[in-house]
Amino acid sequence: MSDHAHQAESDARDSHLLASAPIVVGVDGAPESRAAVVWAATTAAARERELVIVHGTNLEMTRALLGTYSFVERDVVDPISRYGEELVAEGRELAAAAAPGLRIRTEVSPAHPSRLLIEQSAHAYLVVIGGPPHKRGLGRIGSILLSVSSHSRGAVVVVRGDAENPARATGPVVVGVDGSPISDAAVAAAFREASLRGAPLQAVHVWSDLYLAQFSGIIDTEIEAAETAEGERLRLAEQLAGWRERYPDVEVSVEVRLADPRDHLLTWSKSARLLVVGSRGRGGFTGMLLGSTSNALVQDAECPVMVVHPAS
């Protein structure tokens, strides 16, 4: 069976693609989580899916820390619970305004936010989370973001910005491709997103291993780079061929170049409407590290980033 046929069969078994699978969005009161609610709501409405707005209070940890001081528990726990209910209620209002008539459900959980979203991802069509407010540093929001994007099942979309400045609705869907099974899942998701959004698809394969050789003098980098690029271009064409047949409505462009994957995809994020990458691992093409690249993109990209995990 071809790789494309395997992926088609996998899609048919993928519980994330069931009509009943909701879009789940986490809220924490930050402007970025409001932008995530708007993006999730409009996407859920377009896909005719339920939106589930969730907030993890981490009360399990709070209770553990209180220990024998249970006499003050109500004074601590009740305000935290009320705040969580206020957050999801605000999210519901925002989602309803962005997509009138949308089916919306809310949930406040005592679990840690990361654990809650990772658990929800097992049966979600998408999990959506706001990006970090700054482009450097790994504060609490950043650590939750990396945990959810690294360990969730299915696809996680990271949205940056605020509700008054929604993510752009123009430009291509851009997918980073490295030839691995994980990359196959990203390509499948990117074609699906491009088709549903009526957007062109830009497939990008970038590698950087030859920079070492450039300074080591081991090989003639110009000849080697040209030969490698041609081989990579052929392999990329093979990987995309089946998906082009499955999605004839999607206009596809390809790019193969020797550059830094992180920087090059960040440049694409300035004009893309959605950037799609695999979750982790070194692929079959030369040197594209989608693990480190995807971690950088979810923190710094200027458009929504979809991190795709292969169906188990």
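Trp39, Thr43 and Arg47 of helix H2 meet Glu193, Leu196 and Arg197 of helix H7, where contact denotes heavy atoms within 4.5 Å. By class, this contact of H2 with H7 comprises two nonpolar, one polar and three charged residues; Ala, Val, Leu, Ile, Met, Phe, Trp, Tyr, Cys and Pro count as nonpolar, Asp, Glu, Lys and Arg as charged, and the others, Gly among them, as polar. The structure is a predicted model, in which local features need pLDDT of at least 70 and side-chain atom pairs count only at pLDDT 80 or more, whereas totals for chains, interfaces and linings use all residues. Residues are numbered from 1 along each chain as its sequence is written, and side-chain values use heavy atoms, with hydrogens and water left out.

The axes of H2 and H7 (residues 181-197) come within 11 Å and cross at roughly 75°, which makes H2 roughly perpendicular to H7. Axes are lines fitted to C-alpha atoms, for helices over the stretch in contact, and angles run from 0 to 180 degrees between N-to-C directions. Angles of 65 to 115 degrees count as roughly perpendicular, those under 35 as roughly parallel, those over 145 as roughly antiparallel and the rest as oblique. Helices (H or I, at least four residues) and strands (E, at least two) are DSSP runs, numbered from the N terminus.

Tyr125 lies in the loop between helix H5 (113-121) and strand S4 (126-130). With 8% relative accessibility, Tyr125 counts as buried; buried means under 20% relative accessible area, exposed over 50% and partly exposed in between (1.4 Å probe, protein chains only). Not counting residues up to four places away in sequence, the residues touched by Tyr125 include Arg47, Glu193 and Leu196. The side chains of Tyr125 and Arg47 are joined by a polar contact of 2.9 Å. A polar contact is a pair of N or O atoms within 3.5 Å; within protein, one must be able to donate a hydrogen and the other to accept it, and residues adjacent in sequence count only if both atoms are side-chain atoms.

Glu50 is placed in the loop between H2 (31-47) and strand S2 (51-56). A polar contact of 3.2 Å links the side chains of Glu50 and Arg105.

Met306, in strand S10 (residues 305-308), counts as buried at 1% relative accessibility. Among the residues that Met306 touches, not counting those up to four places away in sequence, are Ala189, Glu193 and Leu274.
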